[in-house]
Amino acid sequence: MSSEDPTVLSAHILVVEDEALCRRSLERVLRRIGCTVSTAPGAAEALEIVAAGGIDVVLTDLKMPGVDGIELIRRISALDSELPCVAMTAFGGHQRSTEALRAGAFWFLEKPFDKSRATLEYVIRVAVERSGAARNKPAAAHAPDAIRGLESIVGKSDTLRRSLEMVKRVAGSDATVLILGESGTGKELVARAIHFHSRRSNANYVAVNCGAIPETLLESELFGHVRGAFTSADRHRDGRFAVANGGTIFLDEIGHMSPNLQVKLLRILQDGTYERVGSSITERCDARTIAATNQDLPEAIREGRFRDDLFYRLNVVPIELPPLRDRHDDIPLLVDHFIRSIREGEGHHLQGFTPEAMQKLCAYKWPGNVRELESLVERMAILCSGDWIDVEDLPPLLQDAPSADLVQAPRVPESGLSFQKVVGRFESDIIRQALDHTKWNKSKAAQLLGLNRTTLLEMIKKKGLQRRTPAPTGEPETKTL
């Protein structure tokens with residue numbers, strides 16, 4: 001089989017499976033498509049192999065004696081958050097798959113694979129591509145003042161630059177940081193960058209999404225538990241703070257944490273002590289805390305949903321990330337960055353967006369911020385067969401976005417002006433822009449302006465607005481409505 005054969009997959013896969021027969025079967029399947037395969041009968045051996053490096057994907061069973069697959073995935077994610085773990089089990093179900101994905105699994109597969117080996121191969125290929133894309137991103141070290149972990153935060157706007165300058169200044173300290181910003185603005189990227197530029201960079205970086213874990217489980221996730229603490233606690237378990245000891249813990253969506261748990265978090269921030277669920281033994285932890293939220297915490301304090309003393313402990317160094325709608329000039333740079341990543345990672349032919357399509361992207365408000373823009377570029381690369389994406393290739397929501405900002409009010413001259421005339425002219429211009437943009441579809445124009453259609457018709461009639469069409473001679477001609 002030549003190296004150019006598309007069926008060959010040059011990757012190093014670790015198979016973790018306590019049953020020898022299944023372990024050998026998986027090894028044969030993976031070697032058949034060109035993979036190098038290491039095997040481990042349990043979690044202890046697997047963690048030693050992962051720590052040695054060189055693994056591209058981990059394929060692990062969930063039901064194993066001792067440390068099970070769920071806990072193994074958690075520990076691997078703490079060691080190397082970019083290493084994809086594919087979970088597999090003969091005991092399927094929604095609950096197990098949810099547990100695996102919540103622990104950090106890239107994918108979940110049900111055994112046996114006799115009738116679904118193609119699915120197994122496909123998932124491994126996608127995981128390998130993801131691993132390669134994550135590990136082979138263009139390094140930012142060649143750029144002036146580049147920060148490891150921020151290569152995906154692209155832009156030159158003043159608001160973004162000020163935020164990144166703050167990241168550089170705070171990274172070398174041990175100060176607690178509170179990252180503020182809407183979903184999709186890159187809060188976790190900033191947290192990673194702070195960790196990798198701190199004195200703790202050689203220790204663990206542990207990320208916890210407080211909004212994704214049920215309240216009844218979050219305390220155990222953060223602080224661990226002892227055997228018998230609750231019905232399913234059949235062994236002692238370290239929490240995320242213990243795993244992050246000496247390193248950094250990132251608490252995302254901190255605003256979702258319950259008041260009861262906020263008290264326990266406040267304690268560990270104040271004196272570095274905590275107790276596992278079901279234990280009375282006080283333990284110590286030296287982990288730097290970085291928190292993030294898209295909520296208005298002062299408002300949450302006023303409503304009694306968040307403790308003010310915890311807020312002050314977290315808000316030692318606040319860093320606010322601007323939404324994409326406040327830095328539209330960065331959109332072409334971001335699009336170019338995403339397209340280059342797609343071409344390098346997947347060998348795609350996509351060249352870019354036409355100027356008209358780029359105008360639509362720049363005019364859109366992007367409620368999902370950079371994450372939404374990245375998803376759109378990936379979707380366009382998959383769905384569009386051409387090298388360039390045009391306006392008609394975009395989703396309807398973006399096609400309907402105005403191509404330019406609405407007219408701005410004029411400056412007031414020294415000699416003064418007629419307020420009524422300026423307002424009237426402004427109204428006429430803004431209505432005409434909406435009509436021209438919608439090709440004089442009055443219902444769509446009214447929707448764009450937030451007006452009732454009848455109100456818009458009355459304003460068009462009152463202002464005597466007419467649709468302009470080009471005359472055959474090239475001279476402008478007006479057409480009466």
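Modeller: An axis here is a line fitted to C-alpha atoms, for helices over the stretch in contact, and angles between N-to-C directions run from 0 to 180 degrees. The model is predicted, with local features needing pLDDT of at least 70 and side-chain atom pairs counting only at pLDDT 80 or more, while totals for chains, interfaces and linings use all residues. Residues are numbered from 1 along each chain as its sequence is written, and side-chain values use heavy atoms, with hydrogens and water left out.

Biologist: How many helices and strands are in the protein chain?
Modeller: Helices (H or I, at least four residues) and strands (E, at least two) are DSSP runs numbered from the N terminus. By that rule the protein chain holds 19 helices and 16 strands.

Biologist: At what angle do α6 and α7 pack?
Modeller: The two are helix α6, residues 158–171, and helix α7, residues 187–196. Where V167, V170 and A171 of α6 meet V190, A193 and I194 of α7, contact meaning heavy atoms within 4.5 Å, the residues divide into six nonpolar, no polar and no charged. Nonpolar covers Ala, Val, Leu, Ile, Met, Phe, Trp, Tyr, Cys and Pro, charged covers Asp, Glu, Lys and Arg, and the others, Gly among them, are polar. The axes lie 8 Å apart, and the packing angle is about 35°.

Biologist: Are α2 and α3 roughly parallel or roughly antiparallel to each other?
Modeller: The axes of α2 (residues 43–52) and α3 (residues 69–79) come within 11 Å and cross at roughly 15°. Angles under 35 degrees count as roughly parallel, over 145 as roughly antiparallel, 65 to 115 as roughly perpendicular and the rest as oblique. The two helices are therefore roughly parallel.

Biologist: Which residues of α3 are met by those of α2?
Modeller: The contact of α2 with α3 has, by class, seven nonpolar, no polar and one charged residues. From α2 come A43, A46, L47 and V50, and these meet, in α3, L72, R75, I76 and L79.

Biologist: Which strands stand at the edges of the open sheet?
Modeller: The sheet has five strands in the order β7-β8-β11-β6-β12, with parallel pairing, where two strands pair if DSSP finds at least two bridges between them. The twist averages 20° from one strand to the next. Each edge strand has a single partner, so one side of it is left without a neighbour in the sheet, and these strands are β7 (205–209) and β12 (317–320).

Biologist: In β8, which residue is the bridge partner of Y205?
Modeller: Strand β8 covers residues 248–252 and runs parallel to β7, with five bridges joining the two. Within β8, the bridge partner of Y205 is T248.

Biologist: Is T354 buried or exposed, and what is its relative accessible area?
Modeller: T354 sits in the loop between β13 (352–353) and α14 (355–363). Leaving aside neighbours within four places in sequence, T354 contacts W388, I389, D390 and V391. Buried means under 20% relative accessible area, exposed over 50% and partly exposed in between, using a 1.4 Å probe and protein chains only. T354 is buried, and its relative accessible area is 13%.

Biologist: Just after α8, which residue takes a positive phi?
Modeller: In α8 (residues 215–223), the residues L218, E219, S220, E221, L222 and F223 are buried. What covers them includes α3, β7, α9 (240–243), β8, α10 (259–271) and β9 (273–274). Just after this helix, the residue with a positive phi, about 80°, is G224.
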